[in-house]
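Here is a short note for a colleague who is opening this entry for the first time. Please read the points with the model on screen.

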Amino acid sequence: MAAFRCHSNMVPPGKKPAGETSNSNKKCKRYFNEHWKEEFTWLEFDYERKLMFCIECRQALVKNKHGKAENAFTVGTDNFQRHALLRHVTSGAHRQALAVNREQLAFETRVHGHPELRSVIKVEVNPAKVAVLTTVYWMAKEEIPDEKCSSLLDFQKFNLCQALLASEHSEYYHPSSVREMQAAIAKVLHNEDRHRIKASPFVGLVVDETVDVLEHRSLAMFTTTVSPCNGQTSATFLGSFELPAGEASTVAGKVGEVMRSFGIPTMKITWLSADSASLVAERLSGVGTALTSLCPLLMEMRCLSHGSSLLPAESIGSIEYLQKYETTVDAVYRLYSSFRGESSGLQELRSVLDLCEIDLGSPKAIHWTSIFPAVEAIDSSWPTLVLLLESEAGRSPVAHGLCEELKKFQFVAFTKILLDVLPIFQKLSRFFQIEDFDISILKPIVSATATTLQAQKSTSGQNLQEFLNEMNEHPRDDREGESRLYYKGVELANCSKVHLKHFERLKESYLESVRGNLLDRFPSSVLEAISSFSAIFNPKCYPQSLEDIGSYGVSELNFLLQAYSRVVVSERALSDFPLFKRIVFSLSQLSFKDLCVKLVYSNSEMHELFPDFAVLAAIALALPLGSVLAEKISRGRQLLKRRRSHRVKDEGLSDLMKIAIDGPAINEFDFALAIEYYESMRESSFIVAQVK
């Protein structure tokens with residue numbers, strides 16, 4: 001694969017163009033491409049009228065929702081663009097035409113020998129069947145439990161839904177078959193995914209591993225694709241897959257299996273964003289290494305695409321005190337979450353549980369050290385908590401133990417460290433949820449964050465420093481050379497020099513662990529690649545004077561050409577670079593994404609002029625970033641969490657998640673095709689049952 005090209009404008013050598021567009025608004029003429037017939041077997045071309053048609057649609061002449069049987073490909077079109085063909089092959093009209101023609105072929109086979117029965121049969125979708133499937137679809141989108149299907153159908157009949165009242169919808173369409181209907185709907189969506197993946201020059205992969213309270217592991221997978229028709233990106237949920245117990249090789253094996261099932265060539269995978277919501281990060285760290293041998297263009301990053309914290313507690317679980325701190329905080333929240341007093345401090349604790357959707361009833365451990373609002377509430381309510389615990393200490397051993405722990409210098413001081421560190425990562429996470437995230441700032445942000453954490457090891461952060469300044473020191477009468485330390489009127493315990501030295505070691509080890517985790521998530525090679533993409537494709541990064549662009553970006557381009565040498569022609573790219581830079585300089589009003597879209601768009605002049613830069617732009621656009629992807633990952637996690645409580649097994653859960661996450665508006669979905677798939681599945685099941 002020397003370079004990514006779209007052949008929509010290519011005319012076979014030695015042949016006169018078969019047709020050209022009659023659209024006078026186009027800047028250049030477009031011709032019918034004979035090679036399209038090889039890719040789209042249903043395509044035919046009228047050489048006299050210079051129009052192209054769809055054989056399947058002309059044969060079926062299925063009426064659309066407006067009652068018309070005509071479309072551009074039945075009456076003929078001169079829109080000689082590949083994306084017009086791609087649009088048509090995924091349209092509802094084309095799919096229904098295929099279904100009609102298959103039904104007609106089956107009918108003709110059944111009535112073989114009876115010519116008098118032969119006629120052109122048009123399949124009209126039973127409105128009752130559509131009504132049942134739309135109900136199932138809407139339930140999945142709105143997260144309504146499957147068992148409510150029967151009552152919802154009855155409710156629609158009560159409201160005089162004509163489709164359900166007018167005719168019977170066969171024994172297949174029974175509420176007990178909801179999961180099979182969901183599977184048929186998901187199959188329609190996954191077929192669209194396969195078309196999208198096939199058309200995309202490159203693909204980004206997101207792997208999200210989760211573990212529930214019963215230690216069941218599952219893998220949610222997403223892709224980011226780029227359309228060569230318009231350069232726009234899409235984020236797609238591929239499914240949720242159960243994993244057997246094992247190490248990273250199990251995850252890598254499952255990823256490879258899913259890639260094969262969706263027909264994703266290994267050469268297309270350019271990015272892997274691996275994240276684990278409730279598993280030690282090291283378990284997934286081997287996935288990228290295992291896949292790199294299969295996908296030579298792959299670059300791995302961790303947690304670049306999700307909206308949760310970039311500082312999971314599992315990554316720093318080796319620090320002994322963290323577990324003790326979390327146990328203390330957990331006990332405080334459990335003790336006072338239902339407190340009905342007037343204290344505003346305790347009300348703040350209760351509001352945190354609602355804000356962060358924390359379920360204290362869940363047996364799953366809550367990692368309080370990574371939840372900023374929870375730590376913030378503990379800090380602000382600390383004086384109130386100490387007073388309440390002291391008042392109950394005589395009656396409750398639990399209150400006594402918590403009071404002693406909260407009054408320790410180390411507890412208060414470590415809370416202040418968390419207040420200094422967590423907002424840094426919160427801000428970093430928000431950057432990756434911006435739809436048009438400026439990747440040119442990624443490397444500086446990561447570098448600045450690492451520098452800030454390093455600096456806090458020697459010079460305390462703002463909250464810790466303010467705490468140290470606010471403490472009052474009083475000499476001890478019983479021990480010469482030692483002092484009592486007070487904070488907000490409370491005497492702190494364990495303030496000896498030994499304890500203070502121990503805290504300094506804790507502070508350094510925690511900050512170093514956090515910093516190391518950050519750098520592990522953003523490897524230098526990935527930061528270098530992203531920085532290089534920004535330097536080449538972000539007009540706002542270019543020098544302000546045309547005279548200064550001569551040597552600009554040469555080292556960054558060389559880095560990219562070496563990294564992606566399998567899909568670009570380096571000599572040609574270097575030769576094209578001076579002209580490319582001058583054009584980009586003149587397009588200073590464009591953003592990074594705008595320029596990449598212009599390059600990837602197969603009918604643009606820049607795509608034809610700079611084929612190697614079009615390849616690199618497509619790779620850049622496949623980067624798993626943006627609010628849409630972050631929202632889909634978050635939705636997937638929420639669905640897993642909620643639905644697992646309703647289903648004993650994960651059977652059918654992936655299909656339901658697919659509909660909820662990726663299903664379009666109900667009026668845009670092709671229910672005719674879903675009905676065809678569903679009835680085919682039921683017939684197959686019936687035949688298998690009969691054989692048994």
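**Notes on the model**

1. Asp330 is buried, with a relative accessible area of 17%. The cut-off for buried is under 20%, so Asp330 falls on the buried side. This residue belongs to helix 12, which covers residues 320-336. Setting aside neighbours within four places in sequence, Asp330 touches Ile366 and Trp368. Please bear in mind that the model is predicted.

2. Now the overall picture. The chain has 692 residues, and buried residues make up 50% of them. It holds 29 helices and 10 strands. Take the contacts with a separation of 6 or more: residues 24 or more positions apart account for 71% of these.

3. Thr135 is another buried residue, at 5% relative accessibility. Its place is in helix 6, residues 127-141. Where does a polar atom of the Thr135 side chain find a backbone oxygen? That oxygen belongs to Ala131, and the distance is 2.8 Å. In an α-helix there are 3.6 residues a turn, so residues three or four places apart point the same way. Beyond its neighbours within four places in sequence, Thr135 is in contact with Leu152, Leu153 and Gln156.

4. Look next at helix 23 (residues 570-586) and helix 26 (residues 611-621). They pack at an angle of about 90°, and their axes are 8 Å apart. Helix 23 is therefore roughly perpendicular to helix 26. Helix 23 brings Arg572, Ala573, Asp576, Phe577 and Phe580 to the contact, and helix 26 brings Pro611, Asp612 and Phe613. Sorted by type, the residues of this contact are five nonpolar, no polar and three charged.

5. Ring pairs join Trp271, Phe533, Phe537, Tyr564, Phe577, Phe580, Phe610 and Phe613 into a cluster.

6. Is Ile583 buried or partly exposed? It counts as partly exposed, at 23% relative accessibility. Leaving out neighbours within four places in sequence, Ile583 is in contact with Met606 and Phe610. Phe610 is one of the residues in the aromatic cluster. Ile583 and Pro539 are 44 residues apart along the chain, and their C-alpha atoms are separated by 9.6 Å.

7. Helix 24 (residues 592-600) has Phe592, Leu595, Cys596, Val597, Leu599 and Val600 buried. What do these buried residues pack against? Their partners are strand 4 (217-226), helix 21, helix 23, helix 25 (605-609) and helix 26.

8. Consider Tyr542 and Tyr552. Their ring centres are 4.7 Å apart and their planes are at 50°, so the pair is tilted. Both residues sit in the loop between helix 21 (524-537) and helix 22 (554-563), so the pair ties together parts that are 10 residues apart in sequence. Tyr542 counts as buried at 5% relative accessibility. Tyr552 counts as buried as well, at 16%.

9. Helix 14 and helix 15 (residues 382-392) deserve a look. Their packing angle is about 65°, with the axes 4 Å apart. From helix 14 come Ile378, Asp379 and Ser380; from helix 15 come Trp382, Pro383 and Leu385. By type, this contact has four nonpolar residues, one polar and one charged.

10. Two residues other than glycine have a positive phi. Glu357 has phi near 50°. It is found in the loop between helix 13 (344-355) and helix 14 (372-380). Glu357 is exposed, with a relative accessible area of 53%. Lys488 has phi near 55°. Its loop runs between strand 9 (483-487) and strand 10 (490-491). Lys488 is partly exposed, with a relative accessible area of 46%.

Conventions:
Residues numbered from 1 in each chain as written. Predicted model: local features only at pLDDT ≥ 70, side-chain atom pairs only at ≥ 80, totals over all residues. Heavy atoms only, no water. Buried < 20%, exposed > 50% of the residue type's maximum accessible area, 1.4 Å probe, protein only. Polar contact = N/O pair within 3.5 Å; in protein donor to acceptor, adjacent residues only side chain to side chain. Contact = heavy atoms within 4.5 Å. Axes fitted to C-alpha atoms, helices over the stretch in contact; angles between N-to-C directions. Parallel < 35°, antiparallel > 145°, perpendicular 65-115°, else oblique. Nonpolar A, V, L, I, M, F, W, Y, C, P; charged D, E, K, R; others polar. Phe/Tyr/Trp six-rings, centres within 6.5 Å; stacked < 30°, edge-to-face > 60°.
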